[in-house]
Amino acid sequence: MPGRRALIASAALPLLLAVAGCRSSDAFAGPDPLAGRPPLGHDVLTLQAVIAAEKNLITLYRTAIGADQGAATRLRTLKSLLNQHEQHLAQLKTMLVIPSGMSPSPAHPAASTPAGASASASGSATASPRPARVSTARLRAAERASAASLVRQLGAVPPALAQLFASIAASDASHVTALGG
């Protein structure tokens with residue numbers, strides 16, 4: 001019965017600490033095991049915000065492609081850029097680790113929608129039978145805003161995230177050129 005005795009002792013420890021007027025953090029180094037899960041860290045919240053922004057860009061491109069009746073060259077360019085954003089999203093998602101039992105946070109304030117992307121761009125397809133046309137100028141503005149936002153965050157994230165953000169920012173800046181800007 002030594003296993004049962006250890007189980008009873010470990011279950012009694014929080015009660016003994018409470019009776020003695022101690023917090024569990026007084027008895028242990030590190031986070032308080034009785035305080036529940038700690039909140040998500042800044043880098044996780046920032047990464048979630050960047051993922052949300054990347055999803056908004058993807059929605060803009062899909063809307064532009066779905067409504068585009070223009071030249072085949074523009075359509076090929078848009079599809080190529082969409083593909084790159086989908087790759088960015090996949091890379092970002094591989095960096096996101098949410099501890100088990102925790103739910104992802106709502107969008108972080110840093111997840112501001114890129115300039116030119118609106119709530120209607122991320123709305124459901126049922127809002128109108130035919131998606132609105134997304135102009136090249138709007139896509140360029142969204143790409144510029146995305147690149148600038150990523151660069152602003154480089155100093156506040158761990159090196160691995162900073163490297164990925166810088167790479168995506170450079171890609172977004174090249175998209176501005178590809179879109180004729």
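Two residues are in contact when heavy atoms lie within 4.5 Å of each other. The model is predicted: local features need pLDDT of at least 70, side-chain atom pairs count only at pLDDT 80 or more, and totals for chains, interfaces and linings use all residues. Residues are numbered from 1 along each chain as its sequence is written, and side-chain values use heavy atoms, with hydrogens and water left out. Among contacts between residues at least 6 apart in sequence, 78% join residues at least 24 apart.

The protein has 6 helices and 0 strands, where helices (H or I, at least four residues) and strands (E, at least two) are DSSP runs numbered from the N terminus. Along the sequence the pattern is α-α-α-α-α-α. Of the 181 residues, 32% are buried; buried means under 20% relative accessible area, exposed over 50%, and partly exposed in between, with a 1.4 Å probe and protein chains only. The accessible surface, from the Shrake-Rupley method with a 1.4 Å probe, comes to about 10500 Å², and 62% of it belongs to carbon and sulfur atoms.

Helix α3 covers residues 42-67.

A nonpolar core is a set of buried Ala, Val, Leu, Ile, Met, Phe, Trp, Tyr and Cys residues joined through side-chain atoms within 4.5 Å. The largest one has 27 residues, and those with the most contacts inside it are Tyr 61, Leu 78, Leu 92, Leu 139 and Phe 165. Two or more residues each come from α3, α4 (72-95), α5 and α6 (159-178). The largest share, 9 residues, comes from α3. Beyond its neighbours within four places in sequence, Leu 78 is in contact with residues including Tyr 61, Ala 64 and Leu 139.

Ser 146 is in helix α5 (residues 136-152). Its relative accessibility is 8%, so Ser 146 counts as buried. Its side chain makes a polar contact of 2.6 Å with that of Asp 172. A polar contact is a pair of N or O atoms within 3.5 Å; within protein, one must be able to donate a hydrogen and the other to accept it, and residues adjacent in sequence count only if both atoms are side-chain atoms.

Ser 135 lies in the loop between α4 and α5 and is partly exposed, at 31% relative accessible area.

Notes. The expected span of a helix is 1.5 Å times one less than its number of residues.
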